[in-house]
Amino acid sequence: MIKTLKWLSVVSTIGMVFVLIGGALVTKTESGMGCGASWPLCHGQFLPSEINPELVIELSHRMISGIMGITVLALSILSWKYYGHIREVKFLAFLSSFFLILQALIGAAAVIWNQSDFVLATHFGISLISFAAIFLLMLLIFEIDTKFDAESLIIQKKHRIQIYALTIYTLIVVYTGALVRHANSSMVCGSWPFCSNDAPLALADYNFQQWIQMSHRLAAGILFIWTIVLFINIMTNYRRNRVMFWGWITTVSLIILQVLLGALIIFTMLNLWIALLHAFVISCYFAMLSYFILLSTRSARNEKR
């Protein structure tokens, strides 16, 4: 059963990547109403007779999300049963299922009641939390902490606070990025990193959309600088610890790649593959920060002993 649970955790983690990318694909191709105002059926049918690209994208996303809902629920129940003695497992099991269900409900509400852009922008962030919880469950099931001797790691309080704050701030940046997509503000600025007035697309509410775009760029810029500064501090204080060293090398590499992809989205006029890779990289970045939160909470507990 333990071997089965390990495979289930891997399948769940990979599957959640497809859920995240699928959701981004639905938004970027404007396929959210591909099945009409009908949920969970598509145009009121199990298998619609008239097929178009938007319908295929939306229906595929719904099917993958549904399959992953069952898979993640099974992972949560089994991990609770066999790994419930590990302090964080029960909380992560609940978190992964709860936010995945919440994501599905918000998706359904968007289809049935046509939610505002500000509400729809929460969709990706909620999925991201579920993905991070599943990712951490997988690491715990595979005993990554034991293999890298991370359980005895002591992270200084000032660095723990920064990790907590940076993770919360990342969710804010993710929200602003999702808002850019939902408000159709991706190409409102024809240049990068600053905003020129030669937008390649004719857009309504031009000034408001520019404000959304530049707010996201400013927030992303702060995230980039903050990550670099924290990375330097981590390298100075924990260079000999393998988890902190390689973990933060990975994290800072992801944020650099994320910024480059953000610029390429503008330069390539919303190339779909680059945009999807942009969503994937920020998901990996957030997952890494979530792991450092896990280590930080353990470190705080070890300090009190």
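View 1. Trp226 is partly exposed, with a relative accessible area of 23%, whereas Tyr169 is buried at 16% (buried means under 20% relative accessible area, exposed over 50%, partly exposed in between; 1.4 Å probe, protein chains only). The model is predicted: local features need pLDDT of at least 70 and side-chain atom pairs count only at pLDDT 80 or more, while totals for chains, interfaces and linings use all residues. Residues are numbered from 1 along each chain as its sequence is written, and side-chain values use heavy atoms, with hydrogens and water left out. The structure holds nine aromatic pairs. Tyr169 and Trp226 form one of them, a tilted pair with 5.7 Å centre to centre and 45° between the planes. Rings of Phe, Tyr and Trp (its six-membered ring) pair if their centres lie within 6.5 Å; planes under 30 degrees apart count as stacked, over 60 as edge-to-face and the rest as tilted. The pair links distant parts of the chain, Tyr169 in helix 7 and Trp226 in helix 8 (residues 206-237), 57 residues apart. Helices (H or I, at least four residues) are DSSP runs, numbered from the N terminus.

**View 2. Helix 7 and the residue after it.** Helix 7 (residues 157-182) has 26 residues and should span 38 Å at 1.5 Å a residue; its end C-alpha atoms are 38 Å apart, which agrees. The expected span is 1.5 Å times one less than the number of residues. Just after helix 7, Asn184 takes a positive phi of about 55°.

**View 3. Crossing of helix 5 and helix 7.** The axes of helix 5 (residues 122-141) and helix 7 come within 7 Å and cross at roughly 140°. Helix 5 is therefore oblique to helix 7 (angles under 35 degrees count as roughly parallel, over 145 as roughly antiparallel, 65 to 115 as roughly perpendicular and the rest as oblique). Axes are lines fitted to C-alpha atoms, for helices over the stretch in contact, and angles run from 0 to 180 degrees between N-to-C directions.

**View 4. Arg181 over Phe124.** The charged end of Arg181 sits over the ring of Phe124, 5.5 Å from the ring centre. This term requires NZ of Lys or CZ of Arg within 6 Å of the ring centre and within 35 degrees of the ring normal.

**View 5. Leu105 in helix 3.** Leu105 is found in helix 3 (residues 89-113) and is exposed, with a relative accessible area of 52%. Leu105 and Val259 are 31 Å apart in space, C-alpha to C-alpha, and 154 residues apart in sequence.

Note on methods
Helix = DSSP H or I, 4+ residues; strand = E, 2+ residues; numbered from the N terminus.
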